[in-house]
Amino acid sequence: MENIQATIQQMLNEDKRRDTFKFLTSLTGLKLNQEQVFVIGGGQQFSHRHSTMANTDEQQMSDDNNNTALSILDLPDEVYLHLFSFLRPIDLCQISNVCKKWYRLATDDNVWQQRLLHDMKTWPAVSSRSNPLSYMLVQSDRSQKEIFLTCSPTIHRCSNQINDSLVYLSQFSNYFRSWFIGSKDLIMFGPGLESYTSPLVKNLLWDESKRFQTMGMIPGHAGFGSGIKIKLQSHVFNLITLYTNCMKERENRQTGDRLATSNRLVRSNHIDDFDISPQVRDACREANGLVYVIEASRDNKLSDFCTELQVMTREFRNLPLLVLSCVRNTETKRWSAIDVVRELQMSSFANQWLVQDCCVDTLKGVDDGFIWLLGLQSNNNLVFGASNESELNSP
């Protein structure tokens with residue numbers, strides 16, 4: 001394979017590259033970029049030269065004049081697999097309809113596995129319904145192509161935008177329903193509220209873009225249950241924040257003492273295990289969803305965030321869970337959403353969940369996450385389970 005690629009690279013600038021590319025595009029109907037043009041052209045020249053080396057001088061002259069002795073379908077499988085690795089998933093699906101050979105190669109498990117392992121690190125959101133790790137965990141007998149098409153948010157966007165009238169119908173139904181349904185209680189907690197990403201609550205309260213509109217404050221009882229009443233599009237909800245202690249004590253404690261000094265969790269009978277305090281259990285009694293905030297910068301070890309999340313989901317396994325994977329700004333190097341799913345061991349959760357990449361300074365992604373969480377119970381999975389076009393674009 002390395003020899004073939006080296007030979008292809010040496011032949012990129014030969015004259016017949018353009019003619020070969022025109023022939024390939026006429027078969028597939030695909031619009032390929034400049035890099036793909038070079039690779040495809042080189043592959044054809046390799047195939048042509050390999051054929052003419054075995055011919056006599058007279059046959060070589062005939063091949064050079066006619067250029068019809070060898071078809072592109074005669075390329076070896078290794079060259080095809082290399083060429084196909086440059087294509088987008090939607091293009092791989094299209095070229096599989098050209099012929100039986102292309103179908104076999106374009107549906108090859110190795111091609112789709114490499115595409116899945118590469119692309120899932122770029123997905124800004126992963127949900128319990130689109131989690132590729134769950135298929136790997138149970139060693140599913142589904143093909144890698146089926147897993148990719150099921151989990152990819154890009155594929156979901158293409159399929160869900162077929163009929164915009166459904167989106168408008170969903171928006172209208174949500175607006176009409178908001179007149180009769182009261183506010184929902186969402187419980188927000190997590191280490192991201194007490195670290196470098198802590199301005200998230202302040203930015204929600206004073207959102208200059210007016211996506212999040214503050215409608216009032218919610219008083220708590222004995223330091224529990226306080227929060228903000230917010231309107232997001234047609235949704236009105238109470239965002240109740242649970243810190244592990246008062247601000248003064250949070251600022252003075254050491255980094256590793258967060259859970260040990262928390263007044264939200266209490267030690268259980270098991271060593272290094274926690275339970276929810278009675279006050280938190282009472283504050284969450286009428287909750288409609290959980291929001292767990294983490295700081296997802298590369299400087300943090302994600303496995304350190306497992307304990308608190310596992311305690312809450314163990315207690316409230318019937319509530320949907322939104323994990324806001326936050327960084328302070330877009331320049332911060334971050335863990336991907338699939339990394340968060342893996343390190344927090346979310347594949348084993350009984351809750352319906354979504355991990356959403358967010359930026360605290362711009363609030364990018366925060367509204368998408370809340371709309372997903374609020375739309376679950378608002379629509380009861382009516383009209384694709386989406387409350388608007390933004391949610392349709394999420395997995």
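**Why those labels?**

Me: Why does Asp91 count as buried?
Reply: Asp91 has 8% relative accessibility. Buried means under 20% relative accessible area, exposed means over 50%, and partly exposed is whatever lies in between (1.4 Å probe, protein chains only). Since 8% is under 20%, Asp91 gets the buried label. Bear in mind that this is a predicted model, where local features need pLDDT of at least 70, side-chain atom pairs count only at pLDDT 80 or more, and totals for chains, interfaces and linings use all residues. Residues are numbered from 1 along each chain as its sequence is written, and side-chain values use heavy atoms, with hydrogens and water left out.

Me: What makes Arg88 and Asp91 a salt bridge?
Reply: The term asks for a side-chain nitrogen of Lys or Arg within 4 Å of a carboxyl oxygen of Asp or Glu. Here the N to O distance is 3.1 Å, so the pair qualifies. Arg88, at 51% relative accessible area, is exposed.

Me: How do you know that Arg285 and Asp282 form one too?
Reply: Their closest N and O atoms are 2.6 Å apart, so they pass the 4 Å limit. Arg285 is exposed at 60%, while Asp282, at 43%, is partly exposed.

Me: And what separates Arg342 and Asp339 along helix H17?
Reply: They sit three residues apart in H17 (residues 337-343), which means about one helical turn. Helices here are DSSP runs of H or I with at least four residues, strands are E runs with at least two, and both are numbered from the N terminus. In general, an α-helix has 3.6 residues a turn, so residues three or four places apart point the same way. Arg342 and Asp339 form a salt bridge, with 3.1 Å between the closest N and O atoms. Arg342 is partly exposed at 39%, whereas Asp339 is buried at 14%. Elsewhere, salt bridges with shared partners join Asp77, Lys101 and Arg104 into one network.

Me: How many salt bridges does the structure hold?
Reply: Eleven.

Me: Why is Thr197 called buried?
Reply: Its relative accessible area is 0%, so Thr197 falls under the 20% cut-off. Thr197 lies in the loop between strand E2 (184-189) and helix H13 (200-205). Leaving aside neighbours within four places in sequence, its contacts (heavy atoms within 4.5 Å) include Glu295, Cys326 and Arg328.

Me: What makes the buried residues of H10 line one face?
Reply: In H10 (residues 144-151), the buried ones are Gln144, Lys145, Ile147, Phe148 and Cys151. Seen down the axis, they fall within an arc of 165°, so they line one face; the arc is that of the directions from the helix axis to the C-beta atoms.
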